[in-house]
Amino acid sequence: MAAQVFATPMLAKSSFAGAAVVSKAAKAPARAAGMVVKAQGTDYGLGLEMKTTKEKSMKAGRAPVPLELEDMPLPLNTFKNKSPFTGTIKSVERIVGPNATGETCHIIIEHGGKMPFWEGQSYGVIPPGTKVNSKGKEVPHGVRLYSIASTRYGDEFDGKTATLCVRRATYWCPEMKAEDPSKKGICSNFLCDAKPGQEVMMTGPTGQVMLLPKDPATPVIM
């Protein structure tokens, strides 16, 4: 079946305040899909260039980036439950407004380059403390998985940190008409309440399902 091509009709003149803006946009020259648009007088890209970091055409110089991480083999389960990695909290920042429903925090964890990962993978976090299992035995808390929010280069582009975006889990009790602290999320509250310098036990990285395609030109819907 032949493909149909639809032409966009030209907009007629209007007294509407935004008409001039639309008219200018309609006359603007079309850009190629792969073109990188840069802000005038800067090296900052305004468009998306689907290439690996070391293949990008934009000028480097803002921060040194360890490009050897581009060729790093996929790390899988480098650290496990019985031998976790000890990371260090670098910062915890609330990233939602005061009137937002719930609380979400941007948490930067230092791993010193010893726990590298690929974009799309997850870290496991073991909260401190213990619980009583179904057999009545006191055991350590289990692992909670969190998707890694940063690129493999981390927030400072040195490959030594990773970021988690964590929503604090709470439970509103309709009978108490208040949050029930006994039912709050153990790990999310631990992370959101963590202070710089605090240690965190981690496993992973894990996951292959959410990895980006090998071909950087592949369209990706996020």
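## A walk through the sheet

Start in β2: select Ile108, the bridge partner of Ser91. This is a predicted model, so everything on the tour is computed from its atoms.

Now widen the selection to the two strands around that bridge. Strand β1 covers residues 85-94 and strand β2 covers residues 104-110, and they pair in the antiparallel sense over 6 bridges.

Next, bring up the whole sheet. Its 6 strands form an open sheet with antiparallel pairing, in the order β6-β3-β10-β1-β2-β7. Colour β6 (144-147) and β7 (161-167): they stand at the edges with a single partner strand each, so one side of each has no neighbour in the sheet. Look along the strands and you can follow a twist that averages 40° from one strand to the next.

Stay with β7 and select Thr161, which is found in that strand. Is Thr161 buried or exposed? With a relative accessible area of 2%, Thr161 is buried. Show its side chain, which reaches the backbone nitrogen of Asp155 at 3.2 Å. Beyond its neighbours within four places in sequence, Thr161 is in contact with residues including Ile108, Ile109, Phe117 and Gly154. That list brings you back to Ile108, the bridge partner of Ser91.

For the last stop, go to strand β5 (residues 138-140) and pick Val139. At 19% relative accessibility, Val139 counts as buried, because the cut-off is under 20%. Leaving out residues up to four places away in sequence, Val139 touches Thr130, Lys131 and Asn133.

Terms used:
Residues numbered from 1 in each chain as written. Predicted model: local features only at pLDDT ≥ 70, side-chain atom pairs only at ≥ 80, totals over all residues. Heavy atoms only, no water. Pairing = 2+ DSSP bridges. Helix = DSSP H or I, 4+ residues; strand = E, 2+ residues; numbered from the N terminus. Axes fitted to C-alpha atoms, helices over the stretch in contact; angles between N-to-C directions. Buried < 20%, exposed > 50% of the residue type's maximum accessible area, 1.4 Å probe, protein only. Contact = heavy atoms within 4.5 Å. Polar contact = N/O pair within 3.5 Å; in protein donor to acceptor, adjacent residues only side chain to side chain.
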